[in-house]
Each structure stands twice: as C-alpha cells, then as structure tokens.
Amino acid sequence: MENGGVENAHGDGNGNGQAASYTYWVRETMADAAPLPVPKKLTAQDILSTQSQPTSLGSVWNKAGTWEEKNLNNWATQRLKELLKSVGSLDLSCGKAEISDVTKCVGDAFLVTVRNKKRVGYTYELTLKIKGEWHLREEKKTVNGHIDIPEFSFGELDDLQMAVQLSEEKDYVQQDKQQIIQDLKKRFLQPVREKLLQFEQELKDR
C-alpha cells in the first residue's frame with residue numbers, strides 16, 4: 001500500500017495527476033496575465049488630434065515617409081514632347097523654322113521621398129526634327145534637319161548643348177550651310193531651355 005499511496009500523490013498511473021498539475025498551472029498563469037483591453041470610444045479631441053498630424057508625402061503604405069522612389073518616365077516623356085513641340089515657328093536671319101517632331105526622347109525621371117521630404121531628378125537626351133525655309137540668294141529653299149541634345153540632367157540646363165545637322169547638306173554651299181546651322185542653334189537654344197525649365201518646375205510640383 002505504501003507504493004499505492006505514493007502513486008496516488010503523483011498520479012493514478014494513467015496521467016490524471018499530470019492533468020491536475022497542468023490545470024493548476026494554467027489557472028495560476030491566467031490569474032497573473034494582464035486584463036483584456038476594454039474598447040474606448042474616441043472623443044472629439046482624439047479625432048482632432050489625429051487629423052492635425054502632418055500628412056505623409058509618400059504612398060499610403062509609407063506613413064513614416066521613409067525611402068520611396070516613384071518612376072515618372074511615362075509622364076515625363078509625354079510632357080517633354082508636348083512642351084518642345086509648342087515652341088512654335090521662330091524667325092531666323094534669312095527665314096523661319098519650327099520643331100515639327102521630337103523623334104528621340106530617352107531617359108528617366110523619378111520622385112524620391114526620404115524622411116518625408118521630396119527630391120526629384122531626371123536624365124534625358126533628345127532629338128528634335130526641324131523644318132523651315134530660307135531665302136538664299138533670292139531663292140526660297142525648304143530646309144529639313146534635326147537638333148541633337150546630348151544627355152542633360154536636373155539643374156544642368158545652363159550648360160545645355162545642341163548639335164545641328166541638315167538633311168540635304170550636299171544641296172548647300174559651305175557658307176550657306178554654316179549660316180543655317182548657326183541660325184538654328186542660336187534661335188532655338190533659349191526657347192528650348194525655357195521649355196525644359198518649365199518641365200523641371202512641373203516635375204518639382206508633382
């Protein structure tokens with residue numbers, strides 16, 4: 001019977017003693033646990049306090065305003081083409097010319113949010129198709145060509161470069177060709193730069 005008494009103190013051999021100990025342990029643990037949260041109705045002051053918090057500049061998921069980069073290529077490419085084709089017809093020393101198309105508009109534009117502050121940037125290169133007419137030695141000639149603008153980036157428009165090439169160079173004597181090229185470069189540089197500055201400002205305002 002002594003063995004039986006010991007067995008009853010620790011269990012009946014079928015694990016009932018262990019079950020009792022486990023139940024006791026769970027009851028003690030729950031007694032020490034923190035109470036369940038009680039729902040609290042928001043006051044008008046609570047709502048106003050939430051609404052007065054500064055708005056995050058990032059996406060909805062990025063409330064903290066940490067690093068986030070947004071691709072703006074589609075908007076930027078389309079907007080650059082619109083702005084450059086709106087330059088219109090320009091008077092030259094012996095004629096007039098206009099940008100008829102933007103045949104190359106390649107690059108990247110982006111908006112970066114860092115610590116809830118915006119930073120924008122871009123890098124592009126362009127080719128502008130030019131058509132016009134010149135009066136050369138009492139003869140009016142139709143002139144076609146293009147202006148290549150090598151890679152430029154945000155904040156670099158003061159150093160904007162242009163290279164002009166005529167489509168039918170063999171039809172001009174050297175002197176006439178140089179005059180037309182210089183005219184195109186001189187007259188189109190500033191209007192194109194102004195359109196690109198407008199693009200930069202619109203990019204910053206997004």
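**Cysteines, aromatic rings and their surroundings**

A: A search of the whole structure for disulfides, meaning pairs of cysteine sulfur atoms within 2.5 Å, finds 0 of them. The structure is a predicted model, in which local features need pLDDT of at least 70, side-chain atom pairs count only at pLDDT 80 or more, and totals for chains, interfaces and linings use all residues. Residues are numbered from 1 along each chain as its sequence is written, and side-chain values use heavy atoms, leaving out hydrogens and water.

A residue is called buried under 20% relative accessible area, exposed over 50%, and partly exposed in between (1.4 Å probe, protein chains only). Cys-105, at 13%, is therefore buried, whereas Cys-94, at 22%, counts as partly exposed. In the protein chain, buried residues make up 31% of the 206 residues.

The overall fold gives the setting. The protein chain has 5 helices and 6 strands; these are DSSP runs numbered from the N terminus, with helices (H or I) of at least four residues and strands (E) of at least two. From the N terminus on, the elements follow the order α-α-α-β-α-β-β-β-β-β-α.

Rings of Phe, Tyr and Trp (its six-membered ring) pair if their centres lie within 6.5 Å; planes under 30 degrees apart count as stacked, over 60 as edge-to-face, and the rest as tilted. The whole structure contains 4 aromatic pairs. One of them joins Tyr-122 and Phe-152: the ring centres are 5.9 Å apart and the planes stand at 75°, so the pair is edge-to-face. This pair links distant parts of the chain, since Tyr-122 belongs to strand S4 (residues 117-136) and Phe-152 to strand S5 (residues 139-153), 30 residues apart. Both Tyr-122 and Phe-152 are buried.

Tyr-122 also forms an edge-to-face pair with Phe-154, at 6.0 Å centre to centre and 80° between the planes. This pair, too, links distant parts of the chain: Phe-154 is in the loop between S5 and strand S6 (163-166), 32 residues from Tyr-122. The relative accessible area of Tyr-122 is 3%, so Tyr-122 is buried; that of Phe-154 is 30%, so Phe-154 is partly exposed.

Trp-75, Tyr-122, Phe-152, Phe-154 and Phe-199 together form one aromatic cluster. A charge sits over a ring if NZ of Lys or CZ of Arg is within 6 Å of the ring centre and within 35 degrees of the ring normal. Such a case is Arg-206, whose charged end sits over the ring of Trp-75, 4.5 Å from its centre.

Thr-77 lies in helix H4 (residues 73-85) and, at 19% relative accessible area, is buried. A contact means heavy atoms within 4.5 Å; not counting residues up to four places away in sequence, Thr-77 touches Cys-105 and Tyr-124. In the protein chain, among contacts between residues at least 6 apart in sequence, 61% join residues at least 24 apart.
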